[in-house]
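Dear colleague,

Please find below the structure that I am handing over to you.

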Amino acid sequence: MVRIIHRGDIIHVIMSSVAGIYILQQVDTKIDRSKKRIAEINSVLDDNSAVVETLRQLQEASVLMDSATKKHAGVQGEIDIVSSKYENGEKRLYSGTVTNPKELKDLQDQGEALVRRIAELEDAKLEAMIVEEDCKEGLEGANRNHEVALHERKVLEREMDSESMTILDDIERLEGEREVALNSIPDELIDRYELARSKYRGLAVALVDDGMCSGCGLGVSTGHVQAARSGSRIVTCDNCNRFLYVK
Ligand SMILES: [Zn+2]
């Protein structure tokens, strides 16, 4: 609380108040920027689409691989069955137990048909192996991509976490500076400042730089500049209404 007794004291209080809200504004601008960056970091971290997408591709490649392996195994199984049938037929044909010419002819015909079927199946097996090989390459590629995405994600998280921690420390320090700045400003002015900040997108105090208001970019009258410089009263920009501060 500030006790005002003499006129000189009043001017002193106002001067330190204007300087105070300018400092407060600078601190708040830094806090706003830090919080905005934290929000950006959170939004970057929320986007995990690269990992999700590469995982989806990996699962898809894995399904294709399973199906190709099954296909290959299925054809091989069929080859085994047909081959065994062929071998049994051949055994019977040359065993000497079959003497009936008609039966011998049937066995021979069946043997030839089975040989043709085995040849067809061998072709299908070759095709299945080629598909399986392609799927294997696809799966390995998808696995690599997913590993890369996971690694990049980990690196990103490490960087973002480290940046976040630095920013949170900054915010904590700035909040301390804010408390100090608040102590030099009368409550009524703080209320006006907060109201102006909410109205003017966070910027309540504008520095007058080379006769221009840094808040809106328009010129400030010489009278205003002088009054603001003297610090004898609170001066606001005629255009954007922000408090004017002259260094
Ligand atoms: Zn202005």
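**Domains and overall form**

The centres of domain 1 and domain 2, taken over C-alpha atoms, are separated by 69 Å. Please bear in mind that this is a predicted model. Domain 1 is made of two segments, 7-45 and 186-245, whereas domain 2 covers 48-173. Where the two domains meet, seven residues of domain 1 are in contact with seven residues of domain 2. On the side of domain 1 that touches domain 2, five of the residues are nonpolar, one is polar and one is charged.

The protein chain contains five helices and three strands, and along the sequence they follow the order α-α-α-α-β-β-α-β. The radius of gyration is 42 Å, well over the 18 Å that the globule rule gives for 247 residues, so the protein chain is more spread out than a compact globule. Along the principal axes, its C-alpha atoms fill a box of roughly 140 × 35 × 25 Å. Of the 247 residues, 17% count as buried. Among the contacts with a separation of 6 or more, 71% are between residues 24 or more positions apart.

**Helix α3**

Helix α3 runs over residues 101-183 and has 83 residues. From its first C-alpha to its last it reaches 119 Å, close to the 123 Å expected at 1.5 Å a residue. Its buried residues are Leu121, Ala128, Cys135, Leu139, Ala142, His146, Ala149 and Ala181.

Val180 also lies in helix α3. Is Val180 buried or exposed? Val180 is exposed, because 12 other C-beta atoms lie within 10 Å, and a residue with 12 or fewer counts as exposed. The C-alpha atom of Val180 is separated by 9.9 Å from that of Ile23, although these two residues are 157 residues apart along the chain.

**Two residues with positive phi**

The hairpin of β1 and β2 has two residues between the strands. Asp210 is found in that loop and has a positive phi of about 55 degrees, although it is not a glycine. How exposed is Asp210? Asp210 counts as exposed because 7 other C-beta atoms lie within 10 Å.

Asn241 likewise is not a glycine and has a positive phi, of about 75 degrees. Asn241 lies in the loop between α5 (222-230) and β3. Asn241 is partly exposed, because 15 other C-beta atoms lie within 10 Å; a residue is buried at 20 or more and exposed at 12 or fewer, with partly exposed in between.

With kind regards

Conventions:
Residues are numbered from 1 along each chain as its sequence is written. This is a predicted model: local features need pLDDT of at least 70, side-chain atom pairs count only at pLDDT 80 or more; totals for chains, interfaces and linings use all residues. Domain bounds come from an automatic or database domain assignment. Ala, Val, Leu, Ile, Met, Phe, Trp, Tyr, Cys and Pro count as nonpolar, Asp, Glu, Lys and Arg as charged, and the others, Gly among them, as polar. Two strands pair if DSSP finds at least two bridges between them. Helices (H or I, at least four residues) and strands (E, at least two) are DSSP runs, numbered from the N terminus. The expected span of a helix is 1.5 Å times one less than its number of residues. The radius of gyration is taken over C-alpha atoms; the globule rule is 2.2 Å times the number of residues to the power 0.38.
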